[in-house]
Amino acid sequence: MVLLAGWAPWLRHRFRLLMMAWRIKGQIRIFDHQIPALRKVLGSSSGARSLGNLCHDARGDDRYEMLMKLQSLLDALGFSSIVVLVDRVDEPHLVNGSAERIRDLIWPMFDNKFLKHPKIAFKLLLPEAVATYLGREDKSFYERSRLDKQNLVPSLSWTGQGLYDICNDRVRACAKLAEGTRPNVQDFFDPAISQPELVSIFERLRAPRHLFKFLYRLLVDHCSKYTEDAPEWKIRRETLQASLAVFQKDLLAYDQKLGPG
């Protein structure tokens, strides 16, 4: 009995560390933490000081304290701020393009306190289908998220001029080794096709990925009409119009979720 009483404080301490490790494992889901390893770290003097305020309870304040610890560590390494870019959330196999699953994944981030946290900037590029859920939320969601302060852009629409410029940038990036020349995307087309006409066509494609898919298909259609012995180096208007008509049908099917994008 005396021996058991002597070991009681040590056993109580080990049991407390074990319970704390279990709670931390349940609250931090990013990694598969091992209970023995967590208990060992918590049992050390330095670990008790550094991990003593980990989110072993379901409290938001603990998580913000962890975030500030990360920022202090990065600041000591010379990184004064963090930029978080969220994109392609529809591609993981557990999401599989489901707007409902994207909503469940992203909605916890819509918290004004989190999005306005000092020295962190967030940029979320989300599928357009997710925006329909914003209009279905209740008053408490908007009070918490304060989307009116978040620079929300319902749809990313590119102008024809912007798409024309980005296309020129890519063409020139591919021709960096050509000294003394500044190629232009219009150089690929018949002189009868003016720049305003190309800008108008590009604007109908709405986004860079659609534009470059169309240009690839256009180049394939053009090259398939000529042989190596009798090449034609300019894309003619009839080829442009025919390829555009087919591509826009595919783009419409994609918008209606009836075909690949």
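**Helix packing and a buried loop methionine**

The buried residues of helix α5 pack against β1 (82-86) and β2 (120-124). Keep in mind that this is a predicted model. Across the protein chain the mean pLDDT is 82, with 82% of residues reaching 70 or more.

**Confidence**
- Among the elements of the chain, α9 has the highest mean pLDDT, at 93, while helix α3 (residues 45-51) has the lowest, at 51.

**Helix α5**
- This helix covers residues 99-106, and its buried residues are Ala99, Ile102 and Ile106.
- Looking down the α5 axis, those buried residues sit within an arc of 60 degrees, so they line one face of the helix.

**Met109**
- You'll find Met109 in the loop between α5 and α6 (112-115).
- Met109 counts as buried because its relative accessibility is 17%, and the cut-off for buried is under 20%.
- Setting aside neighbours within four places in sequence, Met109 is in contact with Val86, Phe114, Leu115, Phe122 and Leu124.
- Ser145 is 36 residues away from Met109 in sequence, but their C-alpha atoms are 8.4 Å apart in space.

**Where α8 meets α9**
- Helix α8 (residues 160-174) packs on helix α9 (residues 195-203) at about 105 degrees, and their axes are 7 Å apart.
- That angle falls in the 65 to 115 degree range, so α8 and α9 are roughly perpendicular to each other.
- From α8, Gly160, Gln161, Leu163 and Tyr164 meet Gln195, Leu198, Val199, Phe202 and Glu203 of α9.
- Sorted by class, this α8–α9 contact has 5 nonpolar, 3 polar and 1 charged residues.

Terms used: Residues are numbered from 1 along each chain as its sequence is written. This is a predicted model: local features need pLDDT of at least 70, side-chain atom pairs count only at pLDDT 80 or more; totals for chains, interfaces and linings use all residues. Side-chain values use heavy atoms; hydrogens and water are left out. Axes are lines fitted to C-alpha atoms, for helices over the stretch in contact, and angles run from 0 to 180 degrees between N-to-C directions. Helices (H or I, at least four residues) and strands (E, at least two) are DSSP runs, numbered from the N terminus. Angles under 35 degrees count as roughly parallel, over 145 as roughly antiparallel, 65 to 115 as roughly perpendicular and the rest as oblique. Contact means heavy atoms within 4.5 Å. Ala, Val, Leu, Ile, Met, Phe, Trp, Tyr, Cys and Pro count as nonpolar, Asp, Glu, Lys and Arg as charged, and the others, Gly among them, as polar. pLDDT is the predictor's confidence in each residue, from 0 to 100. Buried means under 20% relative accessible area, exposed over 50%, partly exposed in between (1.4 Å probe, protein chains only). The arc is that of the directions from the helix axis to the C-beta atoms.
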